[in-house]
Amino acid sequence: MSLELKNVSKAFVGKQAVDNISLRLDKPGVYGLLGTNGAGKTTTIRMLLGIIKKDSGVITWRGKTVDRKSVNFGYLPEERGVYPKTKIFDQLMYFAELKGMKKQEAQKAINKWAKELKVEEYLDMPAEKLSKGNQQKIQFMTAIIHNPELVVLDEPFSGLDPVNTEILKNIIIDLVKNGKYVIMSAHQMSTIEEFCSDILILNKGKTVLQGNLKEIKETYPANRVEIDVDKNIDRYIKEFDLEVKNETNYNYIIKIKEEEKAHQLLNQLIKDEIKVNKFEIKKPTLNDIFIEKVGE
């Protein structure tokens with residue numbers, strides 16, 4: 001066991017921001033911390049990193065109480081911040097030395113990550129000359145440049161285009177392969193599903209759902225079927241009293257309450273010699289589950 005929060009709470013001026021939450025990270029990987037705005041995610045992150053004090057509970061890293069001296073962590077906050085008038089290289093060197101790196105070691109790390117993140121050409125430029133996406137990549141560099149054991153990423157893909165999103169995704173995958181523990185908070189549920197084996201959903205400071213994502217999804221019945229065909233099948237869908245959630249180029253996402261109806265539809269299509277390219281019964285997405293738990 002490496003990171004544990006046990007019965008942790010925090011209040012601000014009478015408002016309970018985090019209410020008795022617990023979580024554990026037992027092995028390297030990406031842990032999803034989810035919730036609506038104001039649910040308590042950022043407060044939780046700041047407590048586990050020792051940035052603010054908890055009111056009660058226990059937070060340990062490798063069995064020792066967490067404080068800012070005992071945990072080698074990297075933190076990408078949701079609030080972005082670079083010094084606009086300062087050259088990128090100078091900023092990165094400053095943060096690297098702040099984390100205890102020697103100049104030569106820091107320079108080597110800056111060059112390595114600049115190449116991986118494709119920002120080499122910007123190192124001698126002031127931050128204000130960079131796009132928001134490239135500024136975000138620079139801030140990501142400050143979070144990982146010192147090779148931290150624990151990395152906390154708050155909305156890491158916000159504002160990135162698909163190419164840069166892919167670059168960042170590959171780096172996060174490599175971090176896990178290299179034994180890093182990553183906590184990720186994001187509003188893009190598809191991203192969390194892609195990365196996270198375990199999740200915790202907060203609502204108004206309380207835990208409303210927690211555990212292994214695959215196991216959580218197994219407790220839910222299938223709620224839709226995807227069918228890809230070569231022609232319009234609206235009349236069949238109407239005949240079986242089903243509802244189309246989305247349709248694009250004869251690729252149908254259809255709501256179902258029971259799997260039997262979906263199989264009946266498939267059998268009828270085959271009987272009428274309609275070519276079916278894809279038929280897949282699907283469990284609820286994390287987005288569906290999230291809305292069910294905190295949608296109110």
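Which residue forms a salt bridge with Arg-24? I looked this up at the start, keeping in mind that the model is predicted. The partner is Asp-26, with the closest N and O atoms 3.6 Å apart. Arg-24 is partly exposed, at a relative accessible area of 43%. Asp-26 is partly exposed too, at 40%.

**Entry: other salt bridges**

I searched for salt bridges and found 14 in the structure. One of them joins Glu-194 to Lys-169, and here the closest N and O atoms are 2.9 Å apart. Glu-194 sits in helix 6 and Lys-169 in helix 5, so this pair ties together parts that are 25 residues apart in sequence. I checked how open each partner is. Glu-194 counts as partly exposed at 49% relative accessibility. Lys-169 has 13%. Buried means under 20%, so Lys-169 counts as buried.

I then turned to Glu-243, which forms a salt bridge with Lys-255. Their closest N and O atoms are 3.8 Å apart. Glu-243 belongs to strand 12 (residues 243-248) and Lys-255 to strand 13 (residues 251-255), so the bridge ties together parts 12 residues apart in sequence. Glu-243 is partly exposed at 46%, and Lys-255 is partly exposed at 39%. I also noted a network: Glu-226, Lys-278, Glu-280 and Lys-282 are joined by salt bridges that share partners.

**Entry: aromatic pairs**

A search of the whole structure gave me four aromatic pairs. In one, the ring centres of Trp-61 and Tyr-181 are 5.4 Å apart and the planes stand at 85 degrees, so I logged the pair as edge-to-face. Trp-61 is in strand 4 (residues 56-61) and Tyr-181 in strand 8 (residues 181-185), so the pair ties together parts 120 residues apart in sequence. Both residues are buried.

Phe-157 and Phe-195 have ring centres 6.1 Å apart and planes at 15 degrees, so this pair is stacked. I found Phe-157 in the loop between strand 7 (150-154) and helix 5 (162-177), and Phe-195 in helix 6 (residues 189-195). Phe-157 and Phe-195 are buried.

**Entry: Tyr-94 and its surroundings**

Tyr-94 lies in helix 2 (residues 88-98). I noted that Tyr-94 forms one aromatic cluster with Tyr-83 and Phe-95. Is Tyr-94 buried or partly exposed? At 42% relative accessibility, Tyr-94 counts as partly exposed.

**Entry: charges over rings**

I looked for charges over ring faces. Lys-112 lies over the face of Trp-113, 3.5 Å from the ring centre. Arg-235 lies over the face of Tyr-236, at 4.2 Å from the ring centre.

Conventions: Residues are numbered from 1 along each chain as its sequence is written. This is a predicted model: local features need pLDDT of at least 70, side-chain atom pairs count only at pLDDT 80 or more; totals for chains, interfaces and linings use all residues. Side-chain values use heavy atoms; hydrogens and water are left out. Helices (H or I, at least four residues) and strands (E, at least two) are DSSP runs, numbered from the N terminus. Buried means under 20% relative accessible area, exposed over 50%, partly exposed in between (1.4 Å probe, protein chains only). Rings of Phe, Tyr and Trp (its six-membered ring) pair if their centres lie within 6.5 Å; planes under 30 degrees apart count as stacked, over 60 as edge-to-face and the rest as tilted. A charge sits over a ring if NZ of Lys or CZ of Arg is within 6 Å of the ring centre and within 35 degrees of the ring normal. A salt bridge is a side-chain nitrogen of Lys or Arg within 4 Å of a carboxyl oxygen of Asp or Glu.
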